Amino acid sequence: MSGPLPSLEELRTGGKRLLARVLSRLETHAGDAETAAFLDRVSLSVRAEVIGLTGPPGVGKSSLSDALIRAYRAESRKVGVLAVDPSSALTGGALLGDRTRLKTDPSDDNVFVRSMAARNRLGGLSDHAVAAIVVLRAVCDCVIVETVGIGQSEGDLKQAVDTVILCVQPGSGDSLQFMKAGIMELPDVVAVTKADMGALARRAASDVRGALSLSGGGAGDWQVPVCEVSAETGQGIQELTVLTARHHAHLVESGSLDPRRRDQHAAWFRDMVRTEFGQTGLRLAGRQPADVRVDRAKTEPFTSFASFAADFRRRSG
Ligand SMILES: Nc1nc2c(ncn2[C@@H]2O[C@H](COP(=O)(O)OP(=O)(O)O)[C@@H](O)[C@H]2O)c(=O)[nH]1
Ligand SMILES: [Mg+2]
């Protein structure tokens, strides 16, 4: 896309094709000042509840996304999905796997799905993914971010969404091991997938509850709930939407949603600096008026980075 970027209002009413064009442009013009200013403007107006689905490959994340899309659409909510695909980090482009699994109606203008390559094999979020989340959450009522991860990339996801849902596969101890060992950043909600497997799923859910009680539960006074879901039968899907909405409400009521988002913006700034300029860049970003810089990054992460990058290049240039 060339020419000026649309206003937020145009973006909200412009349909899927405009949205797709804007996201593509963000990927090719990520560093320029106009794009940065656009992203900062958009990043301040959040409409959506943003949830992240994470868990090992094959656990059922894409199937669950699909079920959630249908549940949200039944409530006439506009849904955006960002599927972050680690395997495509090798090929450079997003694979079709997730896209084909999502059985969305192409003529429904209120479901928008985008696949994107992860930054690394652990499913880390690229700057492009963060930019896409910023746009989708300003335009949609619900945003679902799907990333592959176990033990490591949950932190990354936590920097970009309101509610992290960890998906656990019945009969596999992987996620449990991480949880018990305290390696994992705790999710906000745990979903045991494939509940239609019956006893195996119930067993997994009770194991997770045990592991959670050992680790002391969630952040602050949030108790991490565990639910059993089946994308196949629809069991527990409604309950999951209630739980994520409850977590979102908890963040709002405890006054932690806005600070959390500002901290996320500051983390994006540091992450962009680290990705582009490494440790040297981080040291420099942390130096004189560091507090001013971090404060600014909380509300203007993208222009903060653009001006830091220009500064850095001038000095070393
Ligand atoms: N029995 C059962 N199988 C499921 C369910 N959800 C997903 N699967 C299967 O699990 C496999 C992986 O699903 P997918 O959604 O692609 O997992 P992802 O890699 O985590 O995105 C597929 O073969 C699905 O058919 C479910 O609710 N019940
Ligand atoms: Mg998937």
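Two strands pair if DSSP finds at least two bridges between them. Strands (E, at least two residues) and helices (H or I, at least four) are DSSP runs, numbered from the N terminus. This is a predicted model, in which local features need pLDDT of at least 70 and side-chain atom pairs count only at pLDDT 80 or more, while totals for chains, interfaces and linings use all residues. Residues are numbered from 1 along each chain as its sequence is written, chains are lettered from A and ligands numbered from 1 in the order in which they are written, and side-chain values use heavy atoms, with hydrogens and water left out.

**View 1. The open sheet has seven strands.**
The strand order is β3-β2-β4-β1-β5-β6-β7, with parallel pairing. β3 and β7 (226–228) are the edge strands, each pairing on one side only. From one strand to the next, the twist averages 20° (axes are lines fitted to C-alpha atoms, for helices over the stretch in contact, and angles run from 0 to 180 degrees between N-to-C directions). β2 and β4 run parallel and are joined by six bridges; Val 81 has Ile 144 in β4 as its bridge partner.

Contact here means heavy atoms within 4.5 Å. Helix α4 (residues 61–74) lies across β1 (49–55), β2, β3, β4, β5 (163–168) and β6 (189–192), and runs at about 175° to β4. Helix α11 (residues 237–253) touches β1, β5, β6 and β7, and its direction makes about 145° with that of β5.

**View 2. Strand β6 pairs with β5 and with β7.**
Four bridges link β5 and β6 in the parallel sense, and Leu 166 has Val 190 in β6 as its bridge partner. β6 and β7 also run parallel, joined by three bridges, with Ala 191 opposite Cys 227 in β7. Val 189 and Ala 191 point one way from β6, Val 190 and Val 192 point the other way, and all are buried (buried means under 20% relative accessible area, exposed over 50%, partly exposed in between, with a 1.4 Å probe and protein chains only).

**View 3. The largest nonpolar core has 49 residues.**
A nonpolar core is a set of buried Ala, Val, Leu, Ile, Met, Phe, Trp, Tyr and Cys residues joined through side-chain atoms within 4.5 Å. Phe 38, Leu 82 and Val 145 have the most contacts inside this core. Among the elements that give it two or more residues are α2 (15–28), β2 (79–85), β4 (142–148) and α12 (257–286). Helix α7 gives the largest share, ten residues. Domain 1 (46–252) and domain 2 (258–311) both contribute, so the core lies between them; these bounds come from an automatic or database domain assignment. Beyond its neighbours within four places in sequence, Leu 82 is in contact with residues including Arg 114, Met 116, Ile 133 and Val 145.

**View 4. Cys 142 and Cys 227 are buried.**
The structure holds zero disulfides (a disulfide is a pair of cysteine sulfur atoms within 2.5 Å). For Cys 142, the nearest cysteine sulfur is that of Cys 140, 8.3 Å away. The sulfur of Cys 227 is 9.2 Å from that of Cys 167, the closest cysteine sulfur, too far for a bond. Cys 142 has a relative accessible area of 1%, and Cys 227 has a relative accessible area of 1%.

**View 5. Lys 158 is found in helix α8 (residues 154–158).**
Lys 158 is buried, with a relative accessible area of 19%. Apart from neighbours within four places in sequence, its contacts include Val 164, Glu 185, Asp 188 and Arg 260.
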